[in-house]
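I opened my notebook to look up the annotated sites in this structure. Here is what I jotted down along the way.

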Amino acid sequence: MAETIKLVDVTKCDGCRACMVSCKNWNDLPSEMEDFHGSYQSHEKITANTWNVLTFNEQERKDGGLDWLFRHSSCLHCTEAACEKACPENAISHTEFGSVVVDYDTCVGCGYCVQACSFDAINLATYIDKNGKEFRKAQKCTQCTDRLEEGLQPACATACHTGAIVYGDKDELLSSAEDRLAQIKERYPNANIYNPQGISGTNTVYILADKPTTYGLPENPKVALSQIVWKDYAQPIGKMMLGATTMAVIGSFIATNLNKKNHSSEGDQSHE
Amino acid sequence: MTNHWNDLKHADVLMIIGANPAENHPISFKWILKALEKGGKLISVDPRFTRTSQMANVYGQLRSGTDIAFIGGMINYILENELFHKEYVAAYTNASYIVEDTYSFNDGMFSGYDIGKRSYDKTKWAFKKDKEGKTLKDPTLKDPKCVFQLMKKHFSRYDIDTVIGVTGTAKETYLDICKTYASTGEVGKAGTILYAMGGTQHTVGTQNIRSYAILQLLLGNIGISGGGVNALRGESNVQGSTDFGLLYDNVPGYMQVPTTAETDFTYQGFLDRITPKEGYWVNKPKFYTSMMKSFYGDNATKGNEFGYHYLPKLAAGKNYSFMRLFDAMHRKELEGLLLFGSNPAVGGPNAGKEIESLSNLKWMVAVDLFETETSSFWQKEAGADPASIQTEVIFLPASGSFEKEGSVTNSGRWMQYRWQAIKPKGESKADLEIVHMLARRLKEMYKNSSNPADMPMKALTWDYGESDHPDIDLVCREINGYDMKTKQQVKKFGDLKDDGSTCSGNWIYCGFYPENENLSKRRDNTDEGMSNFLNWSYAWPANRRILYNRASADLNGKAWSKTRVGIEWNATEGKWKGNDVPDFVVDKGPNDPTFIDPFIMMAGGKGALFASINEGPLPEHYEPYENPMSNSFSSVQLNPAVQFGEEEMNAQGDVSKFPIVATTYRLSEHWQSGAMTRSQEWLAELVPHMFVEISEELAKEKGINNKDKIIVSSARGEINAYAMVTKRFKPYKLKDKTVHHIGMPWHFGYKGIVTGGSANRLTPHIGDANSTIPEYKAFLCDVRRAK
């Protein structure tokens, strides 16, 4: 099967937020009324039940004009996915479509993935079981893998009337992204294709109108070495020797201390 | 729209003024972006920087209520620099017509004004005729009394510096817009103007749109693909509703309602009054009689003037528009009110006063999907004392669009049939069913009456099936019309007769249902040329996709541009052919002197640069009812033809107390008064709070921080909201001073999942001099932090 990706061209986005509604609709996610954020942005960031958020960002241009930058922000589906590496239960995996999904039956809600993600794209949802006991599951955009399996497009791509979100053949879309970039450079001199190679690219690729940091995206995200050591070496050996629970505690320590640093130095730009 | 949505992709330049399609007509951007990808330029003119402005190549700020100054300056720029389409203007418009000597214009006033009536004698602006009654013309356009010269003189006062002193637009930007848009005057180029309520909701609303039409005629942009004056209608079927006579002074097909005036005592007298001597409207009697045949069937005979006396009559000179109805309610002259999907408690101007007026009703029937602020105006939640309100309110649950069958007509005049997707919930019913059930019961009640006043109800035919569920196919067939004897469907409106032998519920739709096919159900998306999709649904009139398309061809009948072929004269076949249904007599050839008269609805067949409406034959800038400055163009402040309503409804704020200009608008995420969207969680969460947008400069002056709770006040009332401090609002730099402005959505009320202050508590109860649409878009207010 040819590789496929989702391409988000923010310069075609008119900020209508149909992607947000169609996502909630298809995935049957509850609404979350947040406090007033002082801008058109409805949710401060992606949550366990709001898998994509349209961000609104005002900035003055060098020529004296104004840009009101919109971005459909959701999970990027990294090729080297920190969430996957961080998961002690192997609940997170790549599908044949390149999307990164959580197996809810396996997920224990430990939250390592939440700590590990450079994009704040995965979060824990809290549920209450029959006995009144709380439990948690990691949730995020699935790139509508269930729709892809049926030959459909992701719900957001179907809803997008300007073609700002499209889903299709990877090579074709990446090549069209290069052409588009050339077209928009005059209007947006800092425009770039965001497909970070430090994590071997992502399955949701962006055409951004400005530097990644303008959108709260890390310039060059990487999966921390500790994660790789943890997932690919320590965890298999440790599980053999110490048992899963102990390893989870050690993993938690590594994740919080090393990854947190990464986080605070990058991203988290204020909006408007 | 003269054109249609898909056609937007053919424009070289698109100017969006008084509209915000990225937010209110998002799907339009599918087509607009195609134009831009081909190198087209998008201009956004708006008081504030919107989501549309972000998509545009050029953004120009204008002060709310100064469109005529803005466009007037562009017209002047085009005339001064001779950038207009010369052949088109000379041949296809009334530029060459000589105007009577009684026409004059002086210090903001045209000749013929009656100060007592606040109206003009329009005969003073008539065209000069020769002894045979033919209009005098000067094809060289040099006669000082010809339309072209009068127009040139009129707009010469709209020089760039005066204009930007009024509009507050940056000079460089304004010149850029003038130059970019004027480039479409070049032969073969196309520019389109998109407008909506930002253009119409002013005391000069109709003249705003006239100014767009003049600009487009000068540039030769009417009748061609990628051109036009395009009204983006505010609801899925608002085009359909006006087509079908929703307005108080219209019957279906844009014809007049009779009045109690002496001229209208007989049907013939009425027809004589409303039927022009020239132009396609000479056929009006055929359309009117056929309409009455659809109302009264065999009860409409030549002997009873085709049932003319059954029609309700307007009191001569009386205005029954939205605000005047509330005035009447205020005076306790109205007993009852039927509301279909209408929520004036949130959507009406000076809503606080309108709500007060509702309590003067004896009864109200509200048909809606949800209980609205209007149907619950008597509740404690509304701040009312239920014990003191005697109005009986009956609520009828309505079906949503997916729960019913029927057609909607989009802005491009496409009548598109839709099928029921799901069964209605509970007892809810489609509007059509509700009207049908009501009509059947009323007919039954009056069946045995011999009271002459009840005759209209008795005469009315209502043959849409014997059950409470109407047979919608019968309704469709009657809208199209049929031969009264043979019951065969009429093929086209040209076949309608004034002798009572045909019926047609709405002549402009005649042709959508010939024989056995309802053409609005067609879904063939083959593009047979210029994106007109002639086999997709049905566009009125006669399935034409671009109105006045004769003007897409030159004086010899050849397309002005090979890449923009509308219709062309085919000499071999002796007929007009092309990518559209000709808006012209199909076999009218070059030997006919009217071969170069494309505007077939107009007497004389020419586009009207000069056209008499209530405040004058040419647009002139007047300030809004509430304004921050004296008029720079004349000593006349307010449109002299604006009529005032009930004084108590009509409070006016002064700039000394309310120094800030305010405007209202809609957002992508909410719909109208919010009844539907604030009751839908996934939409409600996108904009869950009422906010007011203010500039950083004003925020600083007022000590307001982003996210603060603030109070906005006007002469009508005050509301609470959150402050959204934004770079997208900039103070206006006007001639002598800097003026602040704010803006706010009008979607909020106290019902639904998300609630907030209603902006229309602030808006004035005054309207346009022709349509009486309220001036929602420009008024004065003040803001302060909530303690």
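**Notes on two cysteine sites**

I began with Cys117(A), which sits in the loop of chain A that runs between helix H3 (112-116) and strand E6 (123-128). A reminder to myself: this is a predicted model.

Next I asked: is Cys117(A) buried or exposed? I found 24 other C-beta atoms within 10 Å, and 20 or more is the mark for buried, so Cys117(A) is buried. I then looked up its contacts, setting aside neighbours within four places in sequence, and got Ala82(A), Cys83(A) and Ile122(A).

Cys83(A) came up in that list, so I followed it. I located Cys83(A) in helix H2 (residues 82-86) of chain A. Cys83(A) is buried too, because I count 26 other C-beta atoms within 10 Å. Again leaving out neighbours within four places in sequence, I see Cys83(A) in contact with Ile92(A), Val100(A), Cys113(A), Ala116(A), Cys117(A) and Ile122(A). Ile122(A) is thus on the contact lists of both Cys83(A) and Cys117(A).

I checked the record for these two. In an unreviewed entry, UniProt lists Cys75(A), Cys78(A), Cys83(A) and Cys117(A) under "binding site". I noted that they are spread over 43 residues of sequence but cluster in space, with a largest C-alpha distance of 10.8 Å.

Which other cysteines does UniProt list for "binding site"? The unreviewed entry gives me Cys23(A), Cys141(A), Cys144(A) and Cys156(A). I see that these span 134 residues in sequence, yet no two of their C-alpha atoms are more than 10.6 Å apart, so they gather at one spot.

I picked Cys141(A) from that group and found it in the loop between strand E7 (134-139) and helix H4 (145-148) of chain A. Cys141(A) counts as buried because it has 25 C-beta neighbours inside 10 Å. What does Cys141(A) touch, not counting residues up to four places away in sequence? My list reads Trp51(A), Asn52(A), Ser74(A), Cys75(A) and Ala121(A).

I find Cys144(A) buried, with 25 other C-beta atoms within 10 Å. Apart from neighbours within four places in sequence, Cys144(A) is in contact with Trp26(A), Pro154(A) and Ala155(A).

How values were computed: Residues numbered from 1 in each chain as written. Chains lettered and ligands numbered in written order. Predicted model: local features only at pLDDT ≥ 70, side-chain atom pairs only at ≥ 80, totals over all residues. UniProt positions renumbered as here; feature names shortened; annotations may be inferred. Helix = DSSP H or I, 4+ residues; strand = E, 2+ residues; numbered from the N terminus. Buried ≥ 20, exposed ≤ 12 C-beta atoms within 10 Å, placed from the backbone. Contact = placed C-beta atoms within 7 Å.
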